[in-house]
Amino acid sequence: MRSGRKEAGASAMSGPRCPGVEAPGADLLSSVWSTSSAETSLSLGSVRTRIFKIIVIGDSNVGKTCLTFRFCGGLFPERTEATIGVDFRERTVELEGERIKLQLWDTAGQERFRKSMVSHYYRNAHAVVFVYDVTSRPSFLSLPSWLAECERHLSSSDAPRVLVGNKCDLKDKVEVPTSLAQKFADAHGMAHFETSAKEQEGTGDHAEAIFLTLAHRLRSQRTMAMPRLLAAQDTAINLADDKQGADNGSYCYC
Ligand SMILES: Nc1nc2c(ncn2[C@@H]2O[C@H](COP(=O)(O)OP(=O)(O)OP(=O)(O)O)[C@@H](O)[C@H]2O)c(=O)[nH]1
Ligand SMILES: [Mg+2]
């Protein structure tokens, strides 16, 4: 894993900001770094807000920053730089009368920009979003090592985990068949989505759908995990094996 994207000059914990969305300040940073393992609740007047920490993981250049940026109210960023450390984005949604604050941790894909941060990423995370690039086989082949890292660091074994294939707007360049990714997701008890952070407004707000689905799952306190079909060591991917996965539905928002 860890593709060799060129280093960017961005400072740590900085990245594209979403218009109209406040970057979390010191309060948020201190609260997310010290939050308890149960979801945090904030009382804003009479309205209760449940807070969930969602970490977004995957190789460099797969589009983690673009996906989180889109969900948090921004357009597709014209230009991004490699994330250094982590960028925080958040958005509050109302689901069935309840306020849910999703704190997205947009993590660095490059090893050198993340190695000192890994335990902080996973600490008290409520859900994990694994992102690969549908036009990059290496980013898909890296998934077992991302899963292994998650197994090592995530304390909650039933935290929902979802698999997202990004850049499906690049239809002519697809290197990872949907059916193969679906099979991998099935085997690891994950819901699978394919999407594009770049898709234009009006053709469907894909990142929106993925994170809102996750918010519903978190809110209902149920896991999306299906029974594990493979032992932990059975994480090798056979790209030649392109049979349709059967158990979980695939959600394609292209
Ligand atoms: N065509 C297309 N390009 C995308 C999409 N999402 C991201 N990109 C491009 O992919 C490149 C990398 O996007 P980022 O969001 O910065 O990738 P990242 O996963 O955050 O990378 P790191 O921060 O290094 O881990 C940028 O040039 C984006 O413009 C997409 O859905 N479609
Ligand atoms: Mg990034």
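Predicted model: local features only at pLDDT ≥ 70, side-chain atom pairs only at ≥ 80, totals over all residues.
A polar contact here is a pair of N or O atoms within 3.5 Å; inside the protein, one must be able to donate a hydrogen and the other to accept it, and residues adjacent in sequence count only if both atoms are side-chain atoms.

Residues are numbered from 1 along each chain as its sequence is written, chains are lettered from A and ligands numbered from 1 in written order, and side-chain values use heavy atoms, leaving out hydrogens and water.

So, which atoms does ligand 1 meet? A polar side-chain atom of Thr-80 lies 2.7 Å from one of the ligand's oxygen atoms. A polar backbone atom of Asn-61 is 2.9 Å from an oxygen of ligand 1. For Ser-196, a side-chain N or O atom is 3.3 Å from a ligand oxygen.

Now the wider shell. There are 22 residues around ligand 1 (a heavy atom within 4 Å), and Ser-60, Lys-64, Thr-80, Thr-83 and Asp-169 come nearest. Helix α2, residues 64-71, gives the largest share of that shell, with three residues. Helices here are DSSP runs of H or I, at least four residues, numbered from the N terminus.

Where does the ligand sit? Ligand 1 sits in the largest pocket, meaning that more than half of its atoms lie within 2 Å of the pocket's grid points. A pocket is an open set of points on a 1 Å grid over the protein atoms alone, where a 1.4 Å probe fits, with protein on both sides within 12 Å along at least five of seven lines; lining residues have an atom within 4 Å of a point. Asn-61 returns here, among the lining residues nearest the pocket's centre.

Key. Helix = DSSP H or I, 4+ residues; strand = E, 2+ residues; numbered from the N terminus.
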